Amino acid sequence: MERRGNLRRAGLALAAGVLVLAGCGQPAEGKDAKTGSEASVPASASAAASAKASAAPLKPGEVQVGGEVAKPYTLTLADLRKLPQSSAPVKFTSAKGDQEHTYAGVPLYEVLKTAEPRFDPSKKNGQLRGVVAATGGGDYRAVFAWAELDPGFARSQVLLAVSEDGVPFDDAAGPRLVVPQDTKGGRYVSELNRIWVGVVDPLVDGAR
């Protein structure tokens, strides 16, 4: 009987040892199985987190600059007022009739240049494939070719206006996109909240 008891205790001890060794082979939560170091977050998860952050709702008056850019950022009227200002007298026709004003603000090109658009350098004049979409209040949207904004290609000067006829815009309303060369006011985007930069290649090539 005593011999059987000893064998039983020895068997239990062996089983416990196996369990301990099996537990040692499993990586701790958040650890790498081979190195024991912190496991890296998958790129897809990181990208999803980044996308979620960029989709965060904007505060009133904020403008998100993004798309195919190296340095997306958010700006406000207060930020724009700190930059060198340009003025533009304009005349255009709107639903309210003929308009004539003088706007002061920052060239849209300068704002986009800060974000560093990513155009394909392997393409001749790759920036000419670029497009810019401006979104305002009520999901109103207008689109521009990059060449319309780049002083290297055009003489026009599209502005992110901070004031109209010397009267500053309300901070909560944000800037107004002003297009001096347009004879109609359709691309004057009020309560601007998003500026997106992209290229036409995916649409054009996908249509083949």
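A search of the whole structure finds four aromatic pairs, where rings of Phe, Tyr and Trp (its six-membered ring) pair if their centres lie within 6.5 Å, with planes under 30 degrees apart counted as stacked, over 60 as edge-to-face and the rest as tilted. The model is predicted, so local features need pLDDT of at least 70 and side-chain atom pairs count only at pLDDT 80 or more, whereas totals for chains, interfaces and linings use all residues. Residues are numbered from 1 along each chain as its sequence is written, and side-chain values use heavy atoms, with hydrogens and water left out.

**Confidence**

- The chain has a mean pLDDT of 81, and 72% of its residues reach 70 or more; pLDDT is the predictor's confidence in each residue, from 0 to 100.
- Residues 1-8 have pLDDT below 50, and this stretch has zero contacts in the model beyond near neighbours in sequence, a contact being heavy atoms within 4.5 Å.
- Residues 10-53 also have pLDDT below 50, with 13 contacts in the model beyond near neighbours in sequence.

- Strand β7 (residues 159-164) is largely enclosed by the rest of the structure, because five of its six residues are buried.
- Buried means under 20% relative accessible area, exposed over 50% and partly exposed in between (1.4 Å probe, protein chains only).
- Strands (E, at least two residues) and helices (H or I, at least four) are DSSP runs, numbered from the N terminus, and two strands pair if DSSP finds at least two bridges between them.
- Strand β4 (residues 97-107) runs antiparallel to β7 and is joined to it by five bridges; Val106 has Leu160 of β7 as its bridge partner.
- Three bridges pair β7 with strand β9 (residues 176-178) in the antiparallel sense, and Arg176 in β9 is the bridge partner of Ala161.
- Two bridges pair β7 with strand β8 (residues 167-168), again antiparallel, and Glu164 stands opposite Val167 in β8.
- The hairpin of β7 and β8 has two residues between the strands, and Asp165 takes a positive phi near 55° there.

- Gln99 lies in strand β4, and its side chain makes a polar contact with the side chain of His101 at 2.9 Å.
- A polar contact is a pair of N or O atoms within 3.5 Å; within protein, one must be able to donate a hydrogen and the other to accept it, and residues adjacent in sequence count only if both atoms are side-chain atoms.
- Not counting residues up to four places away in sequence, Gln99 touches Val90, Lys91, Phe92 and Ser94.
- Phe92 also belongs to a cluster, linked by ring pairs, with Tyr103 and Tyr188.
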